[in-house]
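Work through the exercises below with the sequence and the 3D structure at hand. Each task is followed by a solution in steps.

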2 protein chains.
Amino acid sequence: MNAHERHLAADNIGLVTPKRFHCDTPLKLTSGRELPSFELVYETYGVLNNKGSNAVLICHALSGSHHAAGFHAPEDKKAGWWDGFIGPGKVIDTNKFFVVCPNNIGSCYGSTGPTSLKPQPPITEADDTDAKAKVKTKEWGADFPLITIKDWVASQKRLMDHLGINQWAAVVGGSMGGMQAMQWAIDYPEQLRHAAVIAAAPKLSAQNIAFNEVARQAIITDPEFFAGQYKDHDSAPKRGLSLARMLAHITYLSDEAMREKFGRDLRNEKIHFGYDVEFQVESYLRYQGQMFSQSFDANTYLILTKCLDYFDPASEYGDDLAKAFERSQCRFFVASFTTDWRFSPARSREIVDALMKVHKPVSYLEVQARQGHDSFLLNVPRYKKAFEGFMNMVDIL
Amino acid sequence: MNAHERHLAADNIGLVTPKRFHCDTPLKLTSGRELPSFELVYETYGVLNNKGSNAVLICHALSGSHHAAGFHAPEDKKAGWWDGFIGPGKVIDTNKFFVVCPNNIGSCYGSTGPTSLKPQPPITEADDTDAKAKVKTKEWGADFPLITIKDWVASQKRLMDHLGINQWAAVVGGSMGGMQAMQWAIDYPEQLRHAAVIAAAPKLSAQNIAFNEVARQAIITDPEFFAGQYKDHDSAPKRGLSLARMLAHITYLSDEAMREKFGRDLRNEKIHFGYDVEFQVESYLRYQGQMFSQSFDANTYLILTKCLDYFDPASEYGDDLAKAFERSQCRFFVASFTTDWRFSPARSREIVDALMKVHKPVSYLEVQARQGHDSFLLNVPRYKKAFEGFMNMVDIL
């Protein structure tokens, strides 16, 4: 099926237009700082029922966006990032559910973040004309506050209220999205009936933090970073961002997946003893890095990796994850993938063990899959089937 | 025991002075290029017996050197990199063996490499004085040829001949050192009686190459790299080299070792929501990167990672590793470490399987160890005991 056919297929939600939610009530952040106002860009698929009881929140991962399914324009070649899972008759069935996917604050895809304009202090009558002329609208850039997953969930709660949804039928996410689903169950226990936590972890390991730190140092030490104010210099730390992405890509794929995808295949027939691309895997990584560095914002990448590092919901509960889940009232679906070495099955089992300790209903599936961490985005039949089973079980009251 | 006491301890070889071997016979390299002459700096411990039959070759790993044991000066705080294994009564017993450890070509620790002076074409009588004045002795820098482990072994063979050794009692190495031991068994089957291949792999995986490629890109895209001629600009790509080292360090340690060493411990008591060091692991990595970038040469790092990528002895034998070992005549000791994810036990088993297929004598030990790839350098009792058992078995004829 080509892109055009896909776009018109019966199980595809077709064309979608992103919506905007502007919130004027200040958002107090975990760091102690405050966003005086913020905007969330989001997409919805399906129809909210009269009771407002069929809403599913999709939480995106690190470099994800609100564009989870469908197409923005007829000529689009690529559908949303979870299009294989969201649509009529799919795992998250838009005939049954009203699906909401917001872009998170701090991102660079439209919600308030480092690339948004920074609110300026109001100009008073007393200001002279010179001062008025000097006030230039400017992006937040490096001044944008560091955020936490708790902050994200709080901002998503505002969107929920705005949409007239009293309780999510389910909150769903993979990787960093799964962390948001957990945080929802902990912070707003009465406001969701189901939570799907896929390929996630209850907190980052030292090794996870180490990889994030190398990525950050690549960006921060790039001479074109200019302490995060690179826009003022008509510049961008593209080299650093590209390195960060190359590195992240290694952690998204399993060793097996890399072997199957590239092995030690040479791009040309033989070794030429130089630093141009020799192995296919080098070519792949350089391309991924370059593409990403041209479209993503470096300050955003720093904020998002820090947001990951800080995630540790147990820390508010005496470092006892079970205690953190004690008040949660939803049913859980937890899934992990055997070759995921970024957030290995052992990390998912920590979540399951904590839930069982406080007698919460949880289904756990460890899926045999070769694709590593990325599996949660892919068509892995056993995973899809189990996930579908869980979503079928979701009552819409 | 403090450094001074260690230095004087009965099982320490004490003060050592590096030696130099100059070879004027050109060395033809795998790449097709040629080194017109080369020097190896090396250390020896113990005494060569009359028959020249008790010599053990130690092959160093990526960033290693010829300084494997003992101290260069009484005030030295740190002994050689394998001092725990080499000395009187130790695993590689200098009362029994004459131990030779050369620094490999391409390195920056004294053997011919990018930081060595490049031979200049001779100035003929016809040259005018201006031209003579212009000829400046210059380092090889980026002009230094890319090398292979096969080239290293060929250069070590020259040193062997120079020292009057007909056959190594054993060739021993960990990681990239283990690759050299394998190459010896393949290229000079009659010239060694034992080979110890520790924490190695028969070739790099796509993931291994991917990590090397990110490291190289960090160096090459550093604006101070100047296409490798950074010395001409009184500069050095320290940022890139530091990133490369940080990244490599993650792959040397196991997730477990990182957890035990750092966990998610904060350097200060609480999160301060900024990009300065927050977690201990960040502090450790930055320090490792900075130290390395001040003492190591970037062109060398590029050459060494490429040398790793190229290693694939089976490729000369129809991609059949067993066939590569067919002519080898030595006994093998192969060891791996359970938490080594850089060169996992599965990679060592590939070596063992190939050896068994062609009926070569091999002892294999998979050691339970928490420290990851670095284990081969550390005091892991079961590994040390088994390694000692193998070395005790080595006959000196």
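**Exercise 1.** Find which backbone oxygen lies 2.5 Å from a polar atom of the side chain of Ser53(A), and describe the surroundings of Ser53(A).

Solution. Step 1: the oxygen belongs to the backbone of Ile396(A). The model is predicted, so local features need pLDDT of at least 70 and side-chain atom pairs count only at pLDDT 80 or more, while totals for chains, interfaces and linings use all residues. Residues are numbered from 1 along each chain as its sequence is written, chains are lettered from A and ligands numbered from 1 in the order in which they are written, and side-chain values use heavy atoms, with hydrogens and water left out.

Step 1: Ser53(A) sits in the loop between strands E4 (38-45) and E5 (55-59) of chain A; strands are DSSP runs of E with at least two residues, helices are runs of H or I with at least four, and both are numbered from the N terminus.

Step 2: leaving out residues up to four places away in sequence, Ser53(A) touches Ala169(A), Arg193(A), Ile396(A) and Leu397(A) (contact: heavy atoms within 4.5 Å).

Step 3: the relative accessible area of Ser53(A) is 5%, so this residue is buried (buried: under 20%; exposed: over 50%; partly exposed: in between; 1.4 Å probe, protein chains only).

**Exercise 2.** Determine which side chains make polar contacts with the side chain of Glu39(B).

Solution. Step 1: locate Glu39(B) in strand E4 (residues 38-45) of chain B.

Step 1: list its contacts beyond four places in sequence, which are Arg20(B), Phe21(B), His22(B), Ile105(B), Ser111(B) and Thr112(B).

Step 2: pick out the polar contacts (N or O atoms within 3.5 Å; within protein, one able to donate a hydrogen and the other to accept it, and residues adjacent in sequence counting only if both atoms are side-chain atoms). The side chain of Arg20(B) is joined to that of Glu39(B) at 2.5 Å, and the side chain of His22(B) at 3.3 Å.

Step 3: Glu39(B) has 21% relative accessibility and therefore counts as partly exposed.

**Exercise 3.** Work out how helix H5 of chain A and helix H6 of chain B are oriented where they pack.

Methods. Axes fitted to C-alpha atoms, helices over the stretch in contact; angles between N-to-C directions.
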